[in-house]
Amino acid sequence: MDAFHFDDVIKVHKVNFNGSKYDKVSRIEAESQDGNTFCQLVIIRELYSVHPNELYRMVISEVDKDNPDESDFAGYLPEGKQKSPADQFEFIMQGKVYNVSTDTSGSDTKAVVHISFGGLQFMLKSDPAKLQRFKRGQRILLLMTKL
């Protein structure tokens, strides 16, 4: 769907359980199936359990500035229906893009997007063309479901 900022299948490679005072959160490292996108996400384990080698669909959608209760999903609601396409996802978080940058340290230039979900951090690194819709200050929704 073109309306989404990001829509891909990711495979979780690593889940770190911090044994410190932050024992309720995990840092997840995942990669798209084609290997061109990498992400790190800090998540509260009690809210959503993620395990290595599992596949997830990850969608990122901008929250509508004029109607903050709606997102890009609003255009996909069938007339007269109460269900939302968001119902197909197991986990949804709202956050804000706080940094968009470029990483030139490797052989390929990558765009890097940093999003905060009330202190839980998310980093997405991919081809610049794939992440071009992200802008600093955007309010977004992260949606995930296990495949």
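Me: Lys 146: what is its relative accessible area, and how does that class it?
Reply: Lys 146 has a relative accessible area of 42%, so it is partly exposed. Buried means under 20% relative accessible area, exposed over 50%, and partly exposed in between (1.4 Å probe, protein chains only). Bear in mind that this is a predicted model: local features need pLDDT of at least 70, side-chain atom pairs count only at pLDDT 80 or more, and totals for chains, interfaces and linings use all residues. Residues are numbered from 1 along each chain as its sequence is written, and side-chain values use heavy atoms, with hydrogens and water left out.

Me: Which side chain does Lys 146 meet in a salt bridge?
Reply: That of Glu 54, at 3.1 Å, N to O. A salt bridge here is a side-chain nitrogen of Lys or Arg within 4 Å of a carboxyl oxygen of Asp or Glu.

Me: Is Glu 54 buried or exposed?
Reply: Buried, at 15% relative accessibility.

Me: How many salt bridges does the structure hold?
Reply: Four. One of them joins the side chains of Arg 57 and Asp 7, at 2.8 Å, N to O. Arg 57 lies in strand S4 and Asp 7 in strand S1 (residues 6-17), so this pair ties together parts that are 50 residues apart in sequence. Asp 7 is partly exposed, with a relative accessible area of 30%.

Me: And Lys 125, which side chain does it meet?
Reply: Asp 103, in a salt bridge of 2.8 Å, N to O. Lys 125 is in strand S7 and Asp 103 in strand S5, 22 residues apart. Lys 125 is partly exposed at 25% relative accessible area. Asp 103 is buried at 18%.

Me: Why can such side chains pair at all?
Reply: Side chains of opposite charge can pair when their charged atoms come close.

Me: Switching to rings. How many aromatic pairs turn up?
Reply: Three, from a search of the whole structure. Tyr 48 and Tyr 56 make an edge-to-face pair, 6.1 Å centre to centre with 70° between the planes. Rings of Phe, Tyr and Trp (its six-membered ring) pair if their centres lie within 6.5 Å; planes under 30 degrees apart count as stacked, over 60 as edge-to-face and the rest as tilted.

Me: Why is the pair of Tyr 48 and Phe 91 called stacked?
Reply: The ring centres are 4.9 Å apart and the planes are at 15°, so the pair is stacked. Tyr 48 lies in the loop between strand S3 (38-44) and strand S4 (55-62), and Phe 91 in strand S5, so the pair ties together parts that are 43 residues apart in sequence.

Me: Which residues form the aromatic cluster?
Reply: Tyr 48, Tyr 56 and Phe 91 form one cluster. Tyr 48 is buried at 9% relative accessible area. Tyr 56 is buried at 1%. Phe 91 is buried too.

Me: Now strand S6. Why is it largely enclosed?
Reply: S6 covers residues 110-117, and six of its eight residues are buried, so it is largely enclosed by the rest of the structure.

Me: How many helices and strands overall?
Reply: Zero helices and eight strands.

Me: What share of the protein is buried?
Reply: Buried residues make up 41% of the 147 residues.

Note on methods. Helices (H or I, at least four residues) and strands (E, at least two) are DSSP runs, numbered from the N terminus.
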